[in-house]
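Trainee: I am new to this structure. Please take one part of it and go through that part closely.

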Amino acid sequence: MKYRTVVMYTEIGCFVSCLCGWILVCSTLPTEYWTFSEVGSIVLTTSNYYSNLWRDCISDTTGVSDCKDYPSMLALPAFLHACRALAVCAVITGFFGGVLTLIGMKCTKIGGSEIANARVTFAGGITYLASGFCGMITYSWWANRVITEFLDPNFRAQKFELGAAVFVGWGGSVLLLSGGTVLSYFSGKEGLPSSSSNRPRRPATYATARTRKSYMLPPTSSRVTLGPPLFYEGRKSRQSRVATKTTATFSRDDFV
C-alpha cells in the first residue's frame, strides 16, 4: 500500500473522529443535566434539581418539570460567563475545522496541489485542536467547581453532583484532541517545509560538483575534441613548412 493511500485513510479516520467529537460537544449545550441534586428522604416527596449553562430546572416524582432561565446575565458570576464563551468557541471552531478538513483532504480533491491541500488540512487540524481545548477547559472547569463546592464543609448552599453532560463533553473533547493531533502531524509533515530545506548551502565548485555527480558529460553522439583546434592547425602548418624546407633542392648557380 502506498504512503499516499495510508495518509488518505488516516485523514478519513481522523475526520470521522473529530466530527463525532464535535457532535457530542454540541449535544451538551442544550442538555440540562450538567449538574443534578436529589432532595428528600421520602420517595413520594423527592425532588430533582438540575441545571446547565443557561437555566435551572426542577422535577418531582410525578413527572412534572419546570425550567427557568437565569434572570439576569449581568448578575451571573464570571465563571459562568467564561464557561459559556468557551463552549460557544468550541462549537464554532469545530465547525470551521470540519470545513477546512473537507477542502484539504486527499479523497475530496477540492483544493489545488498536494502541498496546498496539506496546508489546508493542517489548518483544519489546528482548528480542531483549538475546539478540543476549549471544550476540555469548559467541562474540566465546571467539574472542578462542582466537586470543590460538594467537598467543602463550609459551603451551606445546596450541593450538586456531576451530570451526564459533563462526561459526554469530556468524551467529545478527547475525540477532537486525538483526531486533530494526528491530522496535524501527517498534514504538517507533508505541507510544511522542514528546517533542513531552509539551511543555507555552500556555493558549488567544480570539485564539489564532480564529487556530487552533478557534472554530466554530453551524449556520445555530440562529443567533440576537448583540445583547441588552433593548436592542431599550427602544428600542421609547422610540419608543412619543415617538409618544404627539407624537400627543396638547390643548384650551384643559386649561391653565385
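Mentor: H1 and H3 cross in a left-handed manner, left-handed being the case where the near helix is turned anticlockwise from the far one by less than a right angle, and right-handed where it is turned clockwise. Helices (H or I, at least four residues) are DSSP runs numbered from the N terminus, as are strands (E, at least two). The model is predicted: local features need pLDDT of at least 70, side-chain atom pairs count only at pLDDT 80 or more, and totals for chains, interfaces and linings use all residues. Residues are numbered from 1 along each chain as its sequence is written, and side-chain values use heavy atoms, with hydrogens and water left out.

The axes of H1 (residues 3–28) and H3 come within 11 Å and cross at roughly 30°; axes are lines fitted to C-alpha atoms, for helices over the stretch in contact, with angles from 0 to 180 degrees between N-to-C directions. H1 and H3 are therefore roughly parallel, as angles under 35 degrees count as roughly parallel and those over 145 as roughly antiparallel.

H3 (residues 114–151) also meets H2, their axes coming within 7 Å and crossing at roughly 160°. That makes H2 roughly antiparallel to H3. This crossing, too, is left-handed.

H2 spans residues 78–104 and holds valine 99. Valine 99 counts as partly exposed because its relative accessibility is 36%, between the limits for buried (under 20%) and exposed (over 50%), with a 1.4 Å probe and protein chains only.

Around these helices, the protein chain has six helices and five strands in total.

Methods
Angles under 35 degrees count as roughly parallel, over 145 as roughly antiparallel, 65 to 115 as roughly perpendicular and the rest as oblique.
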